[in-house]
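Subject: Handover of a structure

Dear colleague,

Please find below the structure I am passing on to you.

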Amino acid sequence: MKVIYSEKQNLHRVKYEFLSGEATPCFEKPERADMVLNAINANQGYEVIAPNEYGLEPMHWVHTEDYVTFLQNAWNEWEATYGPERDASPYCFVPARHLRNRVPKDIEGKLGYYSFDMTAAITKTSFEAIASAVDCALTGVDVLIDGDRAAFALCRPPGHHAAPDLMGGYCYINNAAIAAEGLRRKGHDKVAILDIDYHHGNGTQTIFYDRDDVLFVSIHGDPDYDYPHYLGFDDETGEGKGEGFNLNLPLPQGKTDWSLYRPALETALEKIRSFGADSLVISLGMDTYENDPISHFKLKLEDYLQIGTLIGGLGLPTLFVFEGGYAVDDLGHNTVAVLNGFKQAN
């Protein structure tokens, strides 16, 4: 299996996030990808390759032009006003969308306009890393188009919380959504996205909510109690042409082990089968692990092997796109377990 990775992704390193009212060293850090890469290199059957470069245009497939321009320019505007010592981070936010009329000219106003929380700060070299993560995802698409059964895009920063014009949850550009759109544009009529991150992929859902050519299925913590709180409920099934093409499977906080998770995964896989997908994108979040510091499921290492095996049973060309997972010491082993399980099924 080809693994697509770029060291440019290490250029994104945020000092702090705000969690439960406290400035906390950011859980989303370069060491996450390092640990996964170490585990990949310690296992046979994987080939690590560098991504191709695709430019900015694919970002515009799923994000607004003004938002992408903001991400490109945010650091320079911040530095010109506040200097280079602190990361660019919002402090004020837009209320409900229907009250939003115009983009502020001040960088603090822009940061709040394009953010939904305080976990997605921007540094001097963030955009280079963000663009490289997109390149990894799109290179994975090309690997599938060229005939490989599967690929793993080791993307960082993650992307599934990024909506068309919003960053948050450590996410800026939606790598999995761009990959799905890339598969559509290269001839795959029906693409399924399965998001198995602990946190609901609110950005991916929003991007495809009114479409019937991309199915979005997510297994995640109950948003009544878990981030991102405002999307991810089981009555969100799509709208317009997209009605019936969005499936949320929220599971209870603190109680979900393999005995509860497996039936939800089997429901998700059956939905994908009935959709008749040509290919599959997995938002591979590994924060469902029992020792994850910011999540509340109870999955174990051996469960990830079974997750990969069950996904592999679909028999679909599959692109794994890396998302969350913050138990850094175990992150690589858990990630490789999913990939190994998938390979054993094929």
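Please bear in mind that the model is predicted.

Helix H6 itself spans residues 175–185. Nine of its eleven residues are buried, and the helix is thus described as mostly covered. Among the buried residues of H6 are Asn175, Ile178, Glu181 and Leu183. The helix lies across strands S6, S7, S9 (279–284) and S10 (318–322), and runs at about 175° to S9.

A further helix, H10 (residues 328–344), lies across S5 (150–153), S9 and S10. Its direction is at about 175° to that of S10.

The strands named above belong to an open sheet of eight strands, in which the pairing is parallel. Their order is S4-S1-S5-S10-S9-S6-S7-S8. At the edges stand S4 (47–49) and S8 (246–251); each has a single partner strand, so one side of each is left without a neighbour in the sheet. On average, neighbouring strands of this sheet are turned by 15° against each other, direction ignored.

Strand S6 (residues 191–195) and strand S7 (residues 214–221) run parallel and are joined by five bridges. Here Leu194 stands opposite Val217 in S7. In general, strands of a sheet pair through backbone hydrogen bonds, either parallel or antiparallel.

Yours sincerely

Definitions and conventions. Residues are numbered from 1 along each chain as its sequence is written. This is a predicted model: local features need pLDDT of at least 70, side-chain atom pairs count only at pLDDT 80 or more; totals for chains, interfaces and linings use all residues. Side-chain values use heavy atoms; hydrogens and water are left out. Two strands pair if DSSP finds at least two bridges between them. Helices (H or I, at least four residues) and strands (E, at least two) are DSSP runs, numbered from the N terminus. Axes are lines fitted to C-alpha atoms, for helices over the stretch in contact, and angles run from 0 to 180 degrees between N-to-C directions. Contact means heavy atoms within 4.5 Å. Buried means under 20% relative accessible area, exposed over 50%, partly exposed in between (1.4 Å probe, protein chains only).
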